[in-house]
Every structure is written in C-alpha cells, then in structure tokens.
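I opened my notebook next to the viewer today and jotted down each thing I looked up. Come along and check the entries against your own screen.

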Amino acid sequence: MTGNITLTMIKPLAVKQGFAGPILARINDAGFRIIAMKYMRLSEAQAKAFYDVHRERPFYQDLVKSMTSGPIVAAILEKENAVEAYRALIGPTDPAKAPEGSIRRQFGVSIEANAVHGSDSDENAIIESNFFFSQLERFID
Ligand code: CMP
C-alpha cells in the first residue's frame, strides 16, 4: 500500500547504548505498526549499497564505517502517511536541530550517529523495505 509504510533502522551506536527498546517503545506509542523487523549487522557492501545515493558525498565513507560498526535494528513501519508521520516523530537529520521530544533529539549524538534512519519518500520506503525484507518476512493482514 503506497503511502502507508516507511523503513527505519536503529543505528549501531543507539543499539550499543541500549536505546533499541526505548526507541521501539516511542515508535509503538506513536501508533506505528511493525510489520517486519530484524536485528543484524550490515556488511560493508550492504551499507554501501543502502546509502549509494550518497556515494559522492564527503561523509559517505564515515557513514558506511559507523553503520557497520555493530548491529542495527531494521523495521518496516505501517501507519497512514507513514513517511511523513515518521519524519515528524524523529525530527531532522541533525539531532542538534531536532525539536524537543523528537527521537533524534532524545537519542541522537551527532548528524552521523543520529539514532535512526527514516525513508525520505514513499518511493524510497518501498525500495528500502525491499532491500531488507522479502514478502514472506512481512506480516500483513
Ligand atoms: P540517514 O537518515 O540515515 O540518511 C543518510 C545519513 O547520512 C543521515 O541519516 C546522516 O546520518 C548522514 N548524513 C547526512 N548529512 C550528513 C553530513 N553533513 N555529515 C555527516 N553525515 C551526514
């Protein structure tokens, strides 16, 4: 269902700091339904592929390094207007600019270690969900 899903990753530092549970609770409390989830460590090739759109950016290598530094939690979240609703919940990329009460403000430490990723469009939500999950791994009723 276009428009109703978004893909999130809880990033390695946030997982390491013990924030996976608290972040999932925030997601749950905000009314998102988790329709797929996995706990895994990205390989360098996988992190590079996921962030391929940023390959020319100066932060690309550091981003790949930090995203492969430990396990992540990846999940598909469902809600009406999921992409927009989730971006509102997490706040902007830079935790320092994120509003009080947003997930990135609460759990992020830097623009790179900003606690969570969220898809930036419906089109990317589908591409990113397909990157992590087969249809068999999704619970859709
Ligand atoms: P994310 O939502 O995972 O999507 C791309 C990531 O690149 C972003 O979060 C940040 O962690 C990272 N990023 C974006 N802009 C910068 C930047 N200027 N410097 C370092 N990292 C960045």
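This is a predicted model: local features need pLDDT of at least 70, side-chain atom pairs count only at pLDDT 80 or more; totals for chains, interfaces and linings use all residues.

Entry 1: Next I listed what surrounds the ligand: Lys11, Tyr51, His54, Phe59, Leu63, Thr93, Arg104, Ile111, Glu112, Asn114 and His117.

Entry 2: I then looked at distances to oxygen atoms of the ligand. For Tyr51, an N or O atom of the side chain is 2.6 Å from a ligand oxygen. With Ile111 the backbone takes part: one of its N or O atoms is 2.8 Å from an oxygen atom of the ligand. Glu112 also uses a polar backbone atom, at 3.2 Å from a ligand oxygen. How much of the ligand does the protein bury? On its own the ligand exposes 460 Å², and the protein buries 79% of that.

**Entry 3: Thr8.** I moved to strand S1, residues 5-10, where Thr8 has its place. Is Thr8 buried or exposed? I noted a relative accessible area of 1% for Thr8; the cut-off for buried is under 20%, so Thr8 is buried. A polar atom of the Thr8 side chain lies 2.7 Å from the backbone oxygen of His117.

**Entry 4: helix H2.** Helix H2 covers residues 20-29, and its buried residues include Ala20, Ile23, Leu24 and Ile27. Looking down the axis of H2, I saw that the buried residues fall within an arc of 100°, so they line one face of the helix. I wrote a reminder beside this: an α-helix has 3.6 residues a turn, so residues three or four places apart point the same way. Pro22 is also found in H2, but Pro22 counts as partly exposed at 35% relative accessibility. I checked Pro22 against Ile103: they are 81 residues apart in sequence, and their C-alpha atoms are 9.7 Å apart in space. Just after H2, I came to Gly31, which takes a positive phi of about 90°.

**Entry 5: helix H5.** Which residues of H5 are buried? In this helix, residues 82-90, I noted Ala82, Val83, Tyr86, Leu89 and Ile90 as buried. Down the axis of H5 the buried residues fall within an arc of 130°, so they line one face of the helix. On the face turned away from that buried side I found the exposed residues Glu84 and Ala88.

Notes:
Residues are numbered from 1 along each chain as its sequence is written. Side-chain values use heavy atoms; hydrogens and water are left out. Buried means under 20% relative accessible area, exposed over 50%, partly exposed in between (1.4 Å probe, protein chains only). Helices (H or I, at least four residues) and strands (E, at least two) are DSSP runs, numbered from the N terminus. The arc is that of the directions from the helix axis to the C-beta atoms. A residue is near a molecule or strand if one of its heavy atoms lies within 4 Å of it. A polar contact is a pair of N or O atoms within 3.5 Å; within protein, one must be able to donate a hydrogen and the other to accept it, and residues adjacent in sequence count only if both atoms are side-chain atoms. Accessible areas come from the Shrake-Rupley method with a 1.4 Å probe; for residues, only the protein chains shown count as cover.
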